[in-house]
Every structure is written in C-alpha cells, then in structure tokens.
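Okay, thanks everyone, let's get going.

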Amino acid sequence: MAYDLNELHLHIHWVLDKPTAPGWTDKRNNIGAHTLYWIHEGKGTFHTEQTYPVEGGMLAYMPPGLAMSMESDGRFPLRMTMILFDCAAVGYDKEWTFVAPVGRLELPFLRSFGLESSMRLSGQFRDIYRCWVPGAQGGALLACARLLALIHELHATSDNGAAVRDSAASKMDMVKDYLETSYYSEFTIGQLADRFGISVSYLRKMFLQHVGMSPKHYHNHIRNEHAKHYLMYSDLPVKEIAKACGYLEEYHFSKSFKKLNGLPPSKFRETHRLDFN
C-alpha cells in the first residue's frame, strides 16, 4: 500500500443525499477530489471508459481525475449518498514531519455487497450525511471520524474487489481483534483456530492475505508496539514492561525487542524517550 492508514487525514467538501428521477442523467463535475457513491436503491448505469450497470447495495469509488457520467433506470431510479473529500498522509515522529496528498485510495471502482453488509453500509452513509453540518463549529469533525472508520473497513474487506466476505473471513477479523486486545497473553495458532472454529491453515492464509503476516507475527508486532510506547511514555522498569506485554522473563523480552527494533529496550528508551511533563 502506498500510504499508511494510521497516517490518513481527511477533509470533506460535500456530503449529499441524492434521490434521482426516472431517466435522470448527470456527470461527475468535481473530478479534483475523491468521491464515494453508495447506492441505497434503484438501478442505473455509470459510464467511464466502459459502461457499468449499477443497483442498490453497490459502492463506487472515484479517484481524482476520473471522468464519469451517470443515468438512472426509467422505472427504478437511483437513490445515492455522495461523499466528496480530499485525503492526505500526515506523518508524525516526535513532531509533524510531512503532509503528502493521496492521489488514489487502494479501493476498487465498483463493488457489490450482500444484504447484511448493505444494511450496515447504508446506515453508515446516512450517519455521515446527518453528521456533516457545513459551516458549523465542529460540524465536520464527527463526519470525518466516521468516514475514516468507513475507509478503514473498506480497506480491510477489499479482498481484491470481492463483494461479500464469508463467515470464515469474519472470524478472521474476530481473531485479529482478539490478538490486539489480548496481546499480553500466550496462545498457539492451534488454540486460536479452535477458539474461533476455523482451521489453522485457513486462518494463516487469511492473515497473510489481509494483514500481510502470520497470526504469530501479528501478535508479536502488536506486543512490540505496546512495549515501544511503554518505553517512550512511561517510567516503568524494563522488567515490568516485559510483564505487561506478556513476556515471561526480561531476558526473552529484551532479545525479542532488539531483534525487531535493532536496539535493546534501555537504548531504545534513551533514544526515543518522549516526555510531556
């Protein structure tokens, strides 16, 4: 991925609830920004270099620069929510380091969703529409937060453009959440698979596909990130940090930490210490 989702910041230009009439036609006028169209209901056609039939339960993402025209079916007109926004990656390392506009999000142009996902997404888009109050103090803050959460979800479920995540993939998300909130615990991949009713081989495959690493490496990664923050922001002794992050002994923690970060914990603290007192 060309950007880190943790560094993504958004500015919403416009959120529009867009009912259309039978036979309605329009074109994408604001091609300088990113656009999401969620289709709540109806049928129609989107035209770019190709022609795409669209209907309720589909999501279209248009990066800056993409020209497109639209039309509604003569009997079942489209009802859509449009979100027009800019996004940039903003870096921070002890201080703000860079602002880099994101030219394209790694989302497919068009995706369809099953009934359960469609109902959830329709609710999310309606919430963003209701939250966005142009010109009001704080009128975009909650909408931006919810749009960021939506974009995170869309990245997590992209699956190379596949429309519907199966139950095994949903369980993979549950395992991921469990690893993130139980990083201080010890368990094998077999225990994880049994806990969530999924095979070891499929769990490993799904993690490699969606997270880019095995469950064990992801568990170690989350532990390591917590350990780094303890070292940077707290005065806890290294022995206590090891215990808080689930390591049985300080030696094993120090060895693992140095392997992942290139420095032993004490040296990392000395180099990266952040004090806000």
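This is a predicted model: local features need pLDDT of at least 70, side-chain atom pairs count only at pLDDT 80 or more; totals for chains, interfaces and linings use all residues.

Residues are numbered from 1 along each chain as its sequence is written, and side-chain values use heavy atoms, with hydrogens and water left out.

For me that's a side-chain nitrogen of Lys or Arg within 4 Å of a carboxyl oxygen of Asp or Glu. How many salt bridges does that rule give? Ten.

Let's start with Lys 176 and Glu 180, whose side chains meet at 2.8 Å, N to O. Both sit in helix H3, residues 167-181, four residues apart, so about one helical turn separates them. Helices, by the way, are DSSP runs of H or I with at least four residues, strands are E runs with at least two, and numbering goes from the N terminus. Lys 176 is partly exposed at 21%, and Glu 180 is partly exposed too, at 26%.

Next up, Arg 223 and Glu 186, at 3.2 Å, N to O. This pair links distant parts of the chain, 37 residues apart: Arg 223 is in helix H6 (215-233), and Glu 186 is in the loop between H3 and helix H4 (189-196). Buried or exposed, what is Arg 223? Buried, at 2% relative accessibility, whereas Glu 186 is exposed at 52%.

Within it, Arg 146 and Asp 127 have their closest N and O atoms 3.9 Å apart. Arg 146 belongs to helix H2 (141-156) and Asp 127 to helix H1 (115-131), so this pair ties together parts 19 residues apart in sequence.

Now over to the sheet. It's open, with four strands in the order E2-E7-E4-E5 and antiparallel pairing; two strands count as paired if DSSP finds at least two bridges between them. The edges are E2 (25-27) and E5 (51-55), each pairing on one side only. Four bridges join E4 (43-47) to E7 (69-72), and His 47 has Ser 69 in E7 as its bridge partner.

Terms used:
Buried means under 20% relative accessible area, exposed over 50%, partly exposed in between (1.4 Å probe, protein chains only).
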